[in-house]
Amino acid sequence: MSCRSTKAQEPRIGAAGEFNAFAAMQPRAPAPTPPQRRNGAPVKSADVAPRGVYLPNNNMLAPHMRSPEYVQISTAAAMTLGLMPGRMHRCGCTRCLNLLLTYPEGCRANCAYCGLARHREAERDYADRNFIRVDWPAVPVEQIVEIVARAGTASPFHRMCISMITHPRSDADTVSVLSAWTRRIDPLSIPVSILSNPTTMSRQDVIRLRDLGADIFTVALDAATPAIFDRTRGKGVQSPHKWSKYWEILLAARDVFGPQKFGAHVIIGMGETEYEALRLVQQLVDLGGHSHLFCFFPEQGSLMDHLPATPRDQWRRVQLARYLIDYAGVRYEQMRFDAQGRVVDFGLPRAELDRVIDAGVAFRTSGCPGKFRDDISACDRPYGDSPPSDIASFPFAPNRADVRRIRRQLAVPVVQEDA
Ligand code: SF4
């Protein structure tokens, strides 16, 4: 993908055979923000009126843009909509249109791995921050809806997702953006997901979004254990999130949206063991939901940008095991783990495991489904968790050479016996 922030980010990837252990994955402490940079003050005081699409890092002050009139979209979505030039490595388009709420004062949380975190106001206007490795242009909602409505059944998008951030207006503006979409676009033709911000939400908010036409509700737990959650999203980095609140809203989503219509995002490689990650994956399946996995990537400018990306063997084992739990009826209790919590037996006969690996679907980006198959995510997030030179989540079907590489990466302490 041609964009400045991706070029700058070639991460250090943990060595094969190692894993990103809890003790090693300590975020930096956030530095204080000078008062004149707080709460989007430079953007608000200059108060430059926006004029259509704003491309990040235009070497000018970001204009004063706010949801619900404006949202940010990924570089991949901007290219797919024809709003930005450029081509993506081995991808024709993205199938999911993510609409990220935006405000000059930005997200009020401070998550250690996130490019949008509050501490970054010291160095960068909100609309200029990189997020999951790429730039996010700001675009009027009306313009996006017009382009998608005009395309009708020819639209490449299989799903739209409203991504909330932590902001006092986030709940109300999610409702406004969803309503602006469903006024013109039938949610049965392009279903809508909500990537929620539980910290500001109640059960009533969850019900309201379902009643307005949302199809799937997800919660970005991101951390696989309460200790990692607290260290990366809570008190550890002066951020307001609480594990218990996230679970309250996740369980509300289970009740309100029902089986297969809710899920949780989990980042792999922030200090959890493979056993802990897969125990959570199983817990979500047992509740009737799904997990959507992300490979930890040291986002430039984040409080974890000095730490290694997840070793590929750790990532591939968790990706494969998660797929088996979510779609092949294998339980994590059938798997075996070594003393460091690494998977050493996936609980399937060798021939069956080989078939799953060779099919390649297990290694594609995971997320809410599109129109191809239940186990193929619309949300393909091209190169959102790795550079194209060493793909973690494949945004397309891996070819034979890709599968050979995946097999090499999986060449780990797997002692699978023949059935
Ligand atoms: S709440 Fe979401 S957008 Fe805000 S800092 Fe945390 S991960 Fe980033």
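User: Take a residue as near a molecule if its C-beta atom, placed from the backbone, lies within 6 Å of it. How many residues of the shell around the ligand are polar?
Analyst: This is a predicted model, in which local features need pLDDT of at least 70 and side-chain atom pairs 80 or more, while totals for chains, interfaces and linings use all residues. Residues are numbered from 1 along each chain as its sequence is written. Around the ligand are Cys107, Ala109, Cys111, Cys114, Leu116, Ala117, Ile165 and Thr166. With Ala, Val, Leu, Ile, Met, Phe, Trp, Tyr, Cys and Pro as nonpolar, Asp, Glu, Lys and Arg as charged and the others, Gly among them, as polar, the shell has seven nonpolar, no charged and, as polar, one.

User: Which strands stand at the edges of the sheet?
Analyst: Eight strands (DSSP E runs of at least two residues, numbered from the N terminus) form an open, mixed sheet in the order 3-1-2-4-5-6-7-8. Two strands pair if DSSP finds at least two bridges between them. Each edge strand has a single partner, so one side is left without a neighbour in the sheet: these are strand 3 (138-140) and strand 8 (290-295).

User: Which residue stands opposite Gln72?
Analyst: Strand 1 (residues 70-72) pairs with strand 3 in the antiparallel sense, over three bridges. In strand 3, the residue opposite Gln72 is Ala138.

User: How many charged residues does the contact of helix 6 with helix 8 have?
Analyst: Helix 6 (residues 203-211) packs with helix 8 (residues 243-257), their axes 9 Å apart. Contact (C-beta atoms, placed from the backbone, within 7 Å) involves Arg203 and Arg210 of helix 6, among others. By class there are seven nonpolar residues, no polar ones and, as charged, two.

Conventions: Axes fitted to C-alpha atoms, helices over the stretch in contact; angles between N-to-C directions. Helix = DSSP H or I, 4+ residues; strand = E, 2+ residues; numbered from the N terminus. Contact = placed C-beta atoms within 7 Å.
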